Amino acid sequence: VVVVGVNHRLNVMGHLDLSAYGEKYKNSENIGIVDIVDALEWVNENIESFGGDPDNVTIFGESGGGAKVLALMTTPYAKGLFGKGIVESGATEGMGVYFTDKEISADLGALTLEKLGLTPQTVDEIQKMSIPDIQKASDEAKAEIAEKYKVPVSIGEGYAYEWEPVIDGDFLPTDPVTEEGFAEAGKDIPLLIGSNLNEWSMFVPTEQHTDMTAEEKAEYEKAYPNEDPETAMYVDTLIRKPMLKIMSHKADQNGAKVYSYLFTKQIGDQGSFHTAEIPYVFANVENDKLSDTMSEAWANFAKTGVPSAKDLPQWEPYDRENMATMILDDSSYLAHNHDKKLIEMLEPDYEY
């Protein structure tokens, strides 16, 4: 494989919504994602010179990068520029399953201009302002907008507006997850998606299940027989839940297949934390079987649309009935419905 990393605009530079103030600001609320579309166009035009195949492009990202993969699978502007997607721990309920509403985004843009002392008539003066001044104004506006619209913070408790793609009806016609299934632009895109066993739970007390019942702990042991039962309280649901929703809705679409994984490798006393899988994906852990296996599986998915490796069993696609999930660890195995009952017990009100 040939790997290409790209830069693109982030935060206020990538998502400040000024689209109401003239054609030149079209897609400003999503311009950071437009940057990635432009990069994909460059890849299609130039990658052959670097030994790549423009007809076989896979995009992959972790955390916020995974959410961007979901955004690119949702925008018709990227259709045809890539053929497969990989999402690693790349969604929370409000960032990846669903993105920001246009109404909230537009309100934030207007309030930011107001705090900068600008009007719709003088909006172009923003081009002459310093980045710190723009960031300060937008941070103040974000805090007010989060309270106004009761926007829940992704991790922890309280309200917070977080920069992310915006459902504008054009560049992003819908959220990635729809009532019927999944975004139409992503129907023919095979998806490899998963998360880590602990993610943020060892570091964020509000994400820990400190009040687990004996029955819930017993169900954890059934779901993860190779894990220390004493770590049950650290099982992640913050990211696991939206993963289940995305996978299920993608499977409901009856388009390209979706393949599920769960990374459970314990890294010292830090558990299977958020980002822990990245060195294994890139085969950067020396003399490690799991590192070789995961990088092989990711590369084969990029080549064929089906993840596989010589040390893994056959990787079945995910559907609601079997919930086939590859448990990736020193001893990897394919599980079916392994944590369905556990999630039901820990998060009884969550629907996916």
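Colleague: How much space lies in the largest pocket?
Modeller: In this predicted model, the largest pocket holds about 1100 Å³ of space. A pocket is an open set of points on a 1 Å grid over the protein atoms alone, with protein on both sides within 12 Å along at least five of seven lines. Its volume is the space filled by probe spheres set on the points, which are joined across faces, edges and corners.

Colleague: Which residues are closest to the centre of the largest pocket?
Modeller: Val3, Val4, Thr58, Ile59 and Phe60 are the closest, out of 36 lining residues; a lining residue has an atom within 4 Å of a point.

Colleague: Which elements give two or more residues to that lining?
Modeller: They are α2 (31-46), β1 (58-62), α3 (64-72), β2 (84-88), α8 (278-281) and α9 (289-304). Helices (H or I, at least four residues) and strands (E, at least two) are DSSP runs, numbered from the N terminus.

Colleague: What about α3, which of its residues are buried?
Modeller: Gly66, Ala67, Val69, Leu70, Ala71 and Leu72 are buried in α3, where buried means under 20% relative accessible area with a 1.4 Å probe, protein chains only. These buried residues pack against α2, β1, β2 and α7.

Colleague: Where does threonine 74 lie?
Modeller: Threonine 74 is in the loop between α3 and β2.

Colleague: Why does threonine 74 count as buried?
Modeller: Threonine 74 counts as buried because its relative accessibility is 3%. Leaving out residues up to four places away in sequence, threonine 74 touches Leu172, Pro173, Thr174, Asp175, Pro176, Ala183 and Ala185, a contact being heavy atoms within 4.5 Å.

Colleague: Changing topic, how many cavities of 30 Å³ or more are there?
Modeller: The count comes to 1 cavity of 30 Å³ or more, a cavity being a set of grid points where a 1.4 Å probe fits but cannot get out. The largest cavity has about 60 Å³ of space.

Colleague: Which residues line the largest cavity?
Modeller: The lining consists of Ser195, Asn196, Leu197, Tyr224, Val235, Asp236, Arg240, Leu262, Asp339, Leu342 and Ile343. Two or more of the lining residues come from each of β5 (191-196) and α10 (340-346).

Definitions and conventions. Residues numbered from 1 in each chain as written. Predicted model: local features only at pLDDT ≥ 70, side-chain atom pairs only at ≥ 80, totals over all residues. Heavy atoms only, no water. Buried < 20%, exposed > 50% of the residue type's maximum accessible area, 1.4 Å probe, protein only.
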